[in-house]
Amino acid sequence: MPFLDSLTAISLLLFVTVLTVHASVHNYAGVKFARKGNAYVVHGGSEGIYYSHPNLNGSDASSNGDAYIKFEEIIFRRPQEASNFSTGMIYAILFEVDDRETIGGSAYGGQRAICCTADLAKLGACKEGEVIHRLSTSNPGWPEIFGVSFDVNDETSTMQPRSVQITRTGMYNLYFMHCEPRLADMVVEGKTIWKNPNGYLPGRMAPLLNFYGFMSLAFLVLGIFWFSQYARFWKEVLHLQNCITLVITLGMLEMALWYFDYAEFNESGVRPTGITIWAVTFGTIKRTISRLIILTVSMGYGVVRPTLGGLTSKVVMLGGTFFLASEVLELVEHVGAVSDFSGKAILFLSLPVAVLDAFFVLWIFTSLSSTLNKLQAKRMMAKLDIYRKFTNALAVAVIVSVGWICYELYFKSTDIYNEQWQNAWIIPAFWHVLSFSLLCVICALWAPSQNSMRYAYSDDGSEEFDKDDTLTLIKPSPVPISAKDVGDVRSEDDVDLEEDKTE
């Protein structure tokens, strides 16, 4: 299909353009330094790391059970034409987020600078041309700062391998920096390995491993209930219930794939790209189908009308657009992501998804209002009752969603430096719990039963909304019927039959 071909091409393009990082092994494949203020910087990674007890046996910091950051094969490479001079230090600066003020400084309260300026050098605070840094007063021995320099005619300079043991829980940041304008075209190669005491998952992601395990179990329980009902009353199953079965199946696959993705990530230190892409795709398909099902049910499709008529193409277009926007966002956010850090690209890509979600909500409630009014006018009380419960569940879900979005915006706006990283996993987890809760409500309302067919559309002319709504379906009072009134004598049985049809 052209749509799927386009999606595949976009997905591959995004995957190739993302910085080559795998799990907690941060690879630097010729990353160029970018100018930030008066310094040149490469962001080496940001991860939450939990406290590791000091190694009493004195063994290597990289031993199992310890938390550490290991530097391996870090090489700085400059162009040949820029190799005719020796340089100052090229730094690797590793610091906990609470110690961020120990990097950089300002003279006389002016603009903050990373590299030492002439004014600061006059004050004796630093040496001009070097990165400004000082030791933390609350975290002895930090930040960790080390580096290398270039001799004349050297095109490469290699940093000695080392492991830095982490003995304090925090959000750790690594930056490579230098202050030499003549090294503007220099690149860094190599890798760093970041490890928590219980595995390679970054600290903010670590709680999600257990969460996805719990959600997999929850979907399994829901699936057992639903499929048992489905098997018992398979002759009474509606098309809507087939769609719900598909959503439950996709949810089970999505949660299982996320669990295996995080488990492999935590065990090996390399994020399994294939599993991540499949988990993202199954999740996006599930969310798209769920929204389309809710929208079409709100319109009365399969329950009070046989088709969507001219709205079919618009519904399909909205669903396809939402799938594409959501898939791109999820791929960028998850595939190859290692650092506990979200960039501006995520915020930019979130906007179209948010707009499409708002459009879904508006269309759903507009359709529900129309459907409820017509059901009430037609006196279809059984269907009206289930639609009212359905509407109440959706309204509660939307109100809770809006409240949580406000909290999420507050959380992110007040946590600029990711200081609350230990609680950040709750934000994505909440949306999974909310969607699962709504799915449970829908399953309870539309569960297969021996009376399922009473909620289905029946082609007897009594449920056509497009016909004259003034036709009454109220049972007539029994009155004497004469031949004169109807032009012919009808039997009592005929009158009873007409009343039955009216009912």
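Predicted model: local features only at pLDDT ≥ 70, side-chain atom pairs only at ≥ 80, totals over all residues.
Me: Is serine 401 buried or exposed?
Reply: Serine 401 is placed in helix H8. Beyond residues up to four places away in sequence, serine 401 touches Trp431 and Leu434. The cut-off for a buried residue is under 20% relative accessible area. Because the relative accessibility of serine 401 is 16%, this residue counts as buried.

Me: Which elements give two or more residues to the largest nonpolar core?
Reply: The largest nonpolar core has 64 residues, and those with the most contacts inside it include Ile244, Tyr262, Leu295 and Trp446. The elements that give two or more residues to this core are helices H3 (206–232), H4 (239–268), H5 (273–298), H6 (312–334), H7 (344–378), H8 (381–414) and H9 (426–445).
Apart from this core lies another, of 30 residues, among them Phe71, Phe150, Val164 and Leu174.

Me: With which residues is leucine 439 in contact, leaving aside its neighbours within four places in sequence?
Reply: Leucine 439 is one of the residues with the most contacts inside the largest nonpolar core. Ile244 is likewise one of those residues. Once neighbours within four places in sequence are left aside, the contacts of leucine 439 are Phe219, Leu222, Ile244, Val247 and Ile248.

Me: What accessible area do Leu217, Leu220, Val221 and Ile224 have together?
Reply: Isoleucine 224 is placed in helix H3. Isoleucine 224 counts as exposed because its relative accessibility is 53%. With Leu217, Leu220 and Val221, Ile224 forms a nonpolar patch on the surface, whose accessible area is about 380 Å².

Me: How many residues apart in sequence are the parts that aspartate 185 and lysine 32 tie together?
Reply: The side chains of aspartate 185 and lysine 32 meet in a salt bridge of 3.2 Å, N to O. Aspartate 185 is partly exposed at 46% relative accessible area, and lysine 32 is partly exposed at 49%. Aspartate 185 lies in the loop between strands S9 (170–178) and S10 (187–195) and lysine 32 in strand S1 (residues 25–32), so the separation of the parts they tie together is 153 residues.

Me: Which residues do salt bridges that share partners join into one network?
Reply: Glutamate 72 and lysine 191 meet through their side chains in a salt bridge of 3.7 Å, N to O. This pair links distant parts of the chain, with glutamate 72 in strand S4 (residues 68–77) and lysine 191 in strand S10. Glutamate 254 and lysine 286 form a salt bridge as well, with the closest N and O atoms 3.1 Å apart. The network joined by salt bridges that share partners consists of Lys70, Glu72 and Lys191.

Terms used: Residues numbered from 1 in each chain as written. Heavy atoms only, no water. Core = buried A, V, L, I, M, F, W, Y, C linked by side-chain atoms within 4.5 Å. Buried < 20%, exposed > 50% of the residue type's maximum accessible area, 1.4 Å probe, protein only. Helix = DSSP H or I, 4+ residues; strand = E, 2+ residues; numbered from the N terminus. Contact = heavy atoms within 4.5 Å. Patch = residues over 30% accessible without salt bridge, like charges linked within 9 Å, V, L, I, M, F, W, Y side chains within 5 Å. Areas by Shrake-Rupley, 256 points an atom, 1.4 Å probe, with all protein chains shown as cover. Salt bridge = Lys/Arg side-chain N within 4 Å of Asp/Glu carboxyl O.
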